[in-house]
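Please open the model in a viewer and keep the selection panel at hand.

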Amino acid sequence: MNTKKLTRYIGIAMVLGIVVGYICNRTAQDAAHAKQLAGYFSMVTDIFLRMIKMIIAPLVFATLVSGLASMTDSSAVGRIGLRAMIWFVLASVTSLLLGLLLVNIFSPGTHMNLTLPDAAAHTALKTGDFTLKAFITHVFPRSIIEAMATNEILQILVFSLFFGAGLAYVRGQGHTTIVNAIDELAKVMFRVTDYVMRFAPIGVFAAMAAAITTEGLGVLVGYGLLIGEFYLGLALLWAVLFGVGYLFLGRSIVRLGGLIKEPTLLAFSTASSESAYPKTIEALSRFGVSKRISGFVLPLGYSFNLDGSMMYQSFAVLFIAQAYEIPMSLSQQLMLLLVLMITSKGMAGVARASLVVVAATLPMFNLPEAGLLLIMGIDQFFDMGRTATNVVGNSLATAVIAKLEGDRASPEEIAEASAEETEPQSAVAPVASAAGRQRA
């Protein structure tokens, strides 16, 4: 599907989803009935996200291994990884500091005027195993089959690093059969991605309809100030990220912003970073980032560069403290920043990760975990913004690192990524064309 058309269809689907969700919410007999109606929409969204998850593991493996096998400089992997981690740490600190600053300025918790939940209430979030030690152990897979079956991105990345290094050595010995097979697998997975993404507008429509059917538009009015202040914070964070990106990329940052519009909108509407991963790879390729850079840095970013999630965590913890009228000194807030920097690195593979991080952090500062119940009901609306921000942050990080490496995408990669802009609707023509280039 033409990229511009798909972006337009996703936008239309979001609006229709809100309208249909509002109608269902107003016509539902009670909350239970509304939840039942939302369940039918959620089923469609779940199917779309399952199809996305179906392609993530082989796509990450193929693109990363193919890129590593083509690297003639063995020190490049370490250099790229170091630059990526430096960017991730600085971006995380910036996100946390901005969140702390804004929540101190706005003080949203002091103006909520809500009946606070019982301090003994429980959120039912599993935080017992959420430790840095558990995360480090979890990084290394027991089985690549198990890692792929559960879509453990970081585990797949670790295995791919070893496999890619071994493949590069074998290639140096003159054996190229497996290398060519991996390259072809990457091309096949991008074509499969195109097929799956044709269902994106349907998945987006269902996701928005389900959220509005359950919560209604009224929740946006009641929590409008809190949600508005959080999204203002995200807008400022975007300005900072694009400003730093401009220092490295110059005016081409505007073109990058246009290219990542589609994956960002997809991430926002589905509240799923995974749904945006394939299209982010394609957008970066059209920008000129080689797949060996994007295939390596993006999976790392999915675990270590969650800018929107970091801002949300600092915002949420201080909001709860304000709601309970529990003062936190500057030293305590700086300590909170340090704690969130460490504990958030275990977010990969954890369901409702940002909420779990907040729930695990609250007891460390003698804040009642029950305060999380104040925002759990509207977490979907926070999740949409922070997920879109994560995609933007990772895209900028990857583009900047590619610029620093001087690693441009090959003409073939750019042509393949841009083919959807000009190709006819038939998917047969580009496949045949690719096969012709291989024979030539």
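The model is predicted, so local features need pLDDT of at least 70 and side-chain atom pairs count only at pLDDT 80 or more, while totals for chains, interfaces and linings use all residues. Residues are numbered from 1 along each chain as its sequence is written, and side-chain values use heavy atoms, with hydrogens and water left out.

**Stop 1: the whole chain**

Select everything and colour by secondary structure. The protein has 21 helices and 0 strands; these are DSSP runs, numbered from the N terminus (helices H or I, at least four residues; strands E, at least two). Among the 440 residues, 54% count as buried. The accessible surface comes to about 19500 Å², and carbon and sulfur atoms hold 65% of that surface; such areas come from the Shrake-Rupley method with a 1.4 Å probe, and for residues only the protein chains shown count as cover. Of the contacts (heavy atoms within 4.5 Å) with a separation of 6 or more, 86% are between residues 24 or more positions apart.

**Stop 2: the nonpolar cores**

Select Leu 256 and Ile 375. In the largest nonpolar core, which has 114 residues, these two touch the most other members. Helix H2 (residues 31-69) gives the most to this core, namely 13 residues. A second, separate core of 6 residues includes Cys 24, Ala 38, Phe 41 and Ala 206. A nonpolar core is here a set of buried Ala, Val, Leu, Ile, Met, Phe, Trp, Tyr and Cys residues joined through side-chain atoms within 4.5 Å. In soluble globular proteins, nonpolar side chains tend to be buried together.

**Stop 3: helix H11 and its cover**

Select residues 252-259, which form helix H11; Ile 253, Leu 256 and Leu 259 are buried there. Viewed down the axis of H11, the buried residues fall within an arc of 115°, so they line one face of the helix; the arc is that of the directions from the helix axis to the C-beta atoms. The cover over these buried residues includes helices H10 (224-249), H12 (261-270), H13 (273-287) and H19.

Now centre on Leu 256. Apart from neighbours within four places in sequence, Leu 256 is in contact with Leu 249, Leu 284, Phe 287, Ser 395, Leu 396 and Ala 399. Move on to Ser 395, which is located in helix H19. Ser 395 is buried, with a relative accessible area of 0%. With neighbours within four places again set aside, the contacts of Ser 395 are Leu 256, Ile 260, Thr 280 and Leu 284.

**Stop 4: salt bridges**

How many salt bridges are there? The count comes to 10, where a salt bridge is a side-chain nitrogen of Lys or Arg within 4 Å of a carboxyl oxygen of Asp or Glu. Side chains of opposite charge can pair when their charged atoms come close.

Select Glu 405 and Arg 83, a salt bridge whose closest N and O atoms are 2.7 Å apart. Glu 405 lies in helix H19 (residues 379-405) and Arg 83 in helix H3 (residues 76-106), so the pair ties together parts that are 322 residues apart in sequence. Glu 405 is buried at 18% relative accessible area, whereas Arg 83 is partly exposed at 29%.

Next, select Glu 146 and Arg 142, whose side chains meet in a salt bridge at 2.8 Å, N to O. Glu 146 is partly exposed at 33%, and Arg 142 is exposed at 74%.

**Stop 5: helix H7**

Select Glu 184 and Lys 187, whose salt bridge has its closest N and O atoms 3.8 Å apart. Both residues lie in helix H7 (residues 177-197), 3 residues apart, or about one turn of the helix. Glu 184 is partly exposed at 33% relative accessible area; Lys 187 is likewise partly exposed, at 29%.

In helix H7, also select Val 179, which is buried at 3% relative accessibility. Val 179 and Ser 66 are 113 residues apart in sequence, yet 7.0 Å apart in space, C-alpha to C-alpha. Beyond neighbours within four places in sequence, Val 179 is in contact with Leu 167 and Arg 171.

Terms used
Buried means under 20% relative accessible area, exposed over 50%, partly exposed in between (1.4 Å probe, protein chains only).
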